[in-house]
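Trainee: I have not worked with this structure before. Could you take me through it by question and answer?

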Amino acid sequence: MEQGARALGYSVTMSILPELTPASIADAVDYLQMRSVAGIVVNAPHVGLDDSLVTALSTPMVAMEGIEGHTPVVAVDQHRGAELATTHLIELGHRRICHIAGPQDRLEAVERNLGWRDTLAATDLEPAAMLVGDWSPASGYELAREAIRDQDVTAIFVANDLMAIGALRALHEAGAAVPARVSVVGFDDIAEAGFLTPALTTVHYDFYELGRRTFQQLLTEVASTESGDGGGGSQGRREKIMMEPALVIRESTARVPRAGRRR
């Protein structure tokens, strides 16, 4: 966003919140308005937060990755990403697929969980355990150890690559070879994903493009306000731009071992 802003003669001011609550968001918006900013991007994808405290503002606003209410949103289709990951595992013959989820107060974690569940339901498969982590490698490590206590689990869909890194370590220590015994899919396609052993199959989306599109949408809102067309997304149909993710298949997934196949 900053690169896009600088190219067009704008500068970027940030307000990082110690906690994400409606009151803290309102305080941050007040802080930015006092500096007469042209527009505001909110990145607060937490369940239960909405824009009700700030939609009356005259300053145009766009949400990155989501906030409830009327504010225009630019986001990755998290549900679709989870669908791609889970479908890939099903097509490889896996029938007992565990999910190591992110914190369930985060919208992206909730959507990834729903994508996993909905994809299994569409193929009449029962979900294995859903274990909730905190996005960290340490939580992925501990939860993967728990996941493979179910001997029928042959695949784990992990809600982000950092937890997947921890999961790979735990599976290696437990002698559960990846992908010969357990297949693992992550989400985010961080720079390190392709250099792990084994290289991680994961869901990719373009962080740079997400920032660029968010800034472009904010410029649209600013122009709409300046022209007197309303802007701010507070009236009428809510703008929602969804970016399509893609699955990057690497070495951490394979066809289910014959002994692990279930009808």
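The questions below go from the whole chain to single residues.

Mentor: This is a predicted model, in which local features need pLDDT of at least 70 and side-chain atom pairs count only at pLDDT 80 or more, while totals for chains, interfaces and linings use all residues. Residues are numbered from 1 along each chain as its sequence is written, and side-chain values use heavy atoms, with hydrogens and water left out.

Trainee: How many helices and strands does the protein chain have?

Mentor: Helices (H or I, at least four residues) and strands (E, at least two) are DSSP runs, numbered from the N terminus. The C-alpha atoms fill a box of roughly 65 × 35 × 30 Å along the principal axes. The count for the protein chain is seven helices and ten strands.

Trainee: What percentage of the residues in the protein chain is buried?

Mentor: Buried means under 20% relative accessible area, exposed over 50%, and partly exposed in between, with a 1.4 Å probe and protein chains only. The protein chain has 263 residues, and the buried share of them is 47%.

Trainee: Among contacts between residues at least 6 apart in sequence, what percentage joins residues at least 24 apart?

Mentor: A contact means heavy atoms within 4.5 Å. With that cut-off, the share of these contacts that join residues at least 24 apart is 71%.

Trainee: Is leucine 171 buried or exposed?

Mentor: Leucine 171 lies in helix 6. Not counting residues up to four places away in sequence, leucine 171 touches Ala144, Ile148, Ile156, Ala176, Val178, Val182 and Val184. In soluble globular proteins, nonpolar side chains tend to be buried together. Because its relative accessibility is 0%, leucine 171 counts as buried.

Trainee: What covers the buried residues of helix 5?

Mentor: Helix 5 covers residues 137-147, and its buried residues are Ser139, Gly140, Tyr141, Leu143, Ala144 and Ala147. Their cover includes strand 4 (97-101), strand 5 (130-132), strand 6 (155-158) and helix 6 (161-173).

Trainee: Which backbone oxygen does the side chain of threonine 86 reach?

Mentor: Threonine 86 is found in helix 3 and is buried, with a relative accessible area of 0%. Leaving aside neighbours within four places in sequence, threonine 86 is in contact with Ile97, Trp116, Thr119, Leu120 and Phe157. At 2.8 Å, its side chain reaches the backbone oxygen of alanine 82.

Trainee: Which residue in helix 4 pairs with aspartate 188?

Mentor: Aspartate 188 is buried at 11% relative accessibility, and its salt bridge has an N to O distance of 3.4 Å. The pair links distant parts of the chain, 76 residues apart, with aspartate 188 in strand 7 (residues 183-188) and the partner in helix 4 (residues 107-122).

Trainee: Is methionine 14 buried or exposed?

Mentor: Methionine 14 is found in the loop between helix 1 (2-7) and helix 2 (22-33). With Val12 and Ile16, methionine 14 makes a nonpolar surface patch of about 350 Å². Such a patch joins nonpolar side chains (Val, Leu, Ile, Met, Phe, Trp, Tyr) within 5 Å, from residues with over 30% relative accessible area and no salt bridge; like charges are joined within 9 Å. Because its relative accessible area is 62%, methionine 14 is exposed.

Methods. A salt bridge is a side-chain nitrogen of Lys or Arg within 4 Å of a carboxyl oxygen of Asp or Glu. Accessible areas come from the Shrake-Rupley method with a 1.4 Å probe; for residues, only the protein chains shown count as cover. A polar contact is a pair of N or O atoms within 3.5 Å; within protein, one must be able to donate a hydrogen and the other to accept it, and residues adjacent in sequence count only if both atoms are side-chain atoms.
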